Number of protein chains: 2
Amino acid sequence: MGIVRKTKGVTTILKFFNQKGEATSVVHLIDLLKDKMNKTTVYRILDRLEHDGIIHSFNGKDGLKWYAKSIGCSADQHLDEHPHFQCTKCDKVECLPVEVKIPTIKNHKIDSTNILLLGKCEACSD
Amino acid sequence: MGIVRKTKGVTTILKFFNQKGEATSVVHLIDLLKDKMNKTTVYRILDRLEHDGIIHSFNGKDGLKWYAKSIGCSADQHLDEHPHFQCTKCDKVECLPVEVKIPTIKNHKIDSTNILLLGKCEACSD
DNA sequence: ATATTTTCGCAACTTTGTTGCATTAACAGT
DNA sequence: ACTGTTAATGCAACAAAGTTGCGAAAATAT
């Protein structure tokens, strides 16, 4: 059912994702909000927001969960199949507005993709 | 430095990867070998084998670490940039011997890729 | 205003992965 | 084959990410 009530926590997290365009790890978000709300609450709000298609999740380079605001995606339609880029030096993640062609694999029905590109971001290169 | 000594544990794990062609999660391997060796040892042997390019690691769909035997990859040359497929029903992972074209991203130097395709494997797609 | 029901906070727990240290086992040199 | 050196192991304790159950608090419906 996703978000049903507009609580203080929901408002705070929504504002966060709307202001900061970038992706965030759950760990970072919990730390950021540690004086305002409990980590369990953060996990649960993120769940609901993702379920509603407002944000989307993916795994960063060390298996940590990350979230970012969705674009072109609703509760019924999760079109958000874009790759992500993570800097191996500063850990920053960016959503990449490009499409990656996935070859068809015999005998396999591919439902979704999880593409993470690793390298140096603009600030960290050289 | 990778593997220096051929211990009982190394032999066991090497045999495992040579017989079973498929990928394995560390969790599964630890459980499988729990009577034979300590989980710390499993983690450390996997580290060394990966460092030597004998196996390679990647993250499964829930961020868990997986390993599989490497093909065409040595201690100096890690060419193993293939995508993986994981079944969302039975969790099985396969290495895909295909190449995925990654578009170049402006101002980003991409060093490696981490591509996980999710769907139903042959056995699970009824 | 009050009843209903979702959401929250807290504490306790689970799971994955790591670290330090004493003991054990490879193996190189004789 | 014996012995010294050093890598590798086991163990226990820890750390971090994420989950669960439950009573209390706060949204929202009536």
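Chain A and chain B bury about 2400 Å² between them, with 58% of that on carbon and sulfur atoms. Keep in mind that this is a predicted model. Strand S6 of chain A, residues 109-120, gives the most to the side of chain A that touches chain B, with 12 residues. Sorted by class, that side of chain A has 13 nonpolar, 10 polar and 9 charged residues.

In terms of contacts, 32 residues of chain A meet 32 residues of chain B. How many salt bridges does the rule find across this interface? It finds 0. For polar contacts, the count between the chains is 14 residue pairs, both residues at pLDDT 80 or more.

Now the strands. S6(A) pairs with strand S6 of chain B, also residues 109-120, in the antiparallel sense over 11 bridges. To give one position, Lys120(A) stands opposite Lys109(B) in S6(B).

That pair sits within an open sheet of 6 strands, in the order S5(A)-S4(A)-S6(A)-S6(B)-S4(B)-S5(B), with mixed pairing. Which strands stand at the edges? They are S5 of chain A and S5 of chain B, 93-95 in each; both have a single partner strand, so one side of each is left without a neighbour in the sheet. On average, neighbouring strands of this sheet are turned by 20° against each other, ignoring direction.

On the chain A side, strand S4, residues 84-87, runs antiparallel to S5(A), and 3 bridges join the two. Phe85(A) has Glu94(A) in S5(A) as its bridge partner.

Methods
Residues are numbered from 1 along each chain as its sequence is written. Chains are lettered from A and ligands numbered from 1 in the order in which they are written. This is a predicted model: local features need pLDDT of at least 70, side-chain atom pairs count only at pLDDT 80 or more; totals for chains, interfaces and linings use all residues. Side-chain values use heavy atoms; hydrogens and water are left out. Contact means heavy atoms within 4.5 Å. Buried area is the accessible area (1.4 Å probe) that two parts lose on being put together, summed over both. A salt bridge is a side-chain nitrogen of Lys or Arg within 4 Å of a carboxyl oxygen of Asp or Glu. A polar contact is a pair of N or O atoms within 3.5 Å; within protein, one must be able to donate a hydrogen and the other to accept it, and residues adjacent in sequence count only if both atoms are side-chain atoms. Helices (H or I, at least four residues) and strands (E, at least two) are DSSP runs, numbered from the N terminus. Ala, Val, Leu, Ile, Met, Phe, Trp, Tyr, Cys and Pro count as nonpolar, Asp, Glu, Lys and Arg as charged, and the others, Gly among them, as polar. Two strands pair if DSSP finds at least two bridges between them. Axes are lines fitted to C-alpha atoms, for helices over the stretch in contact, and angles run from 0 to 180 degrees between N-to-C directions.
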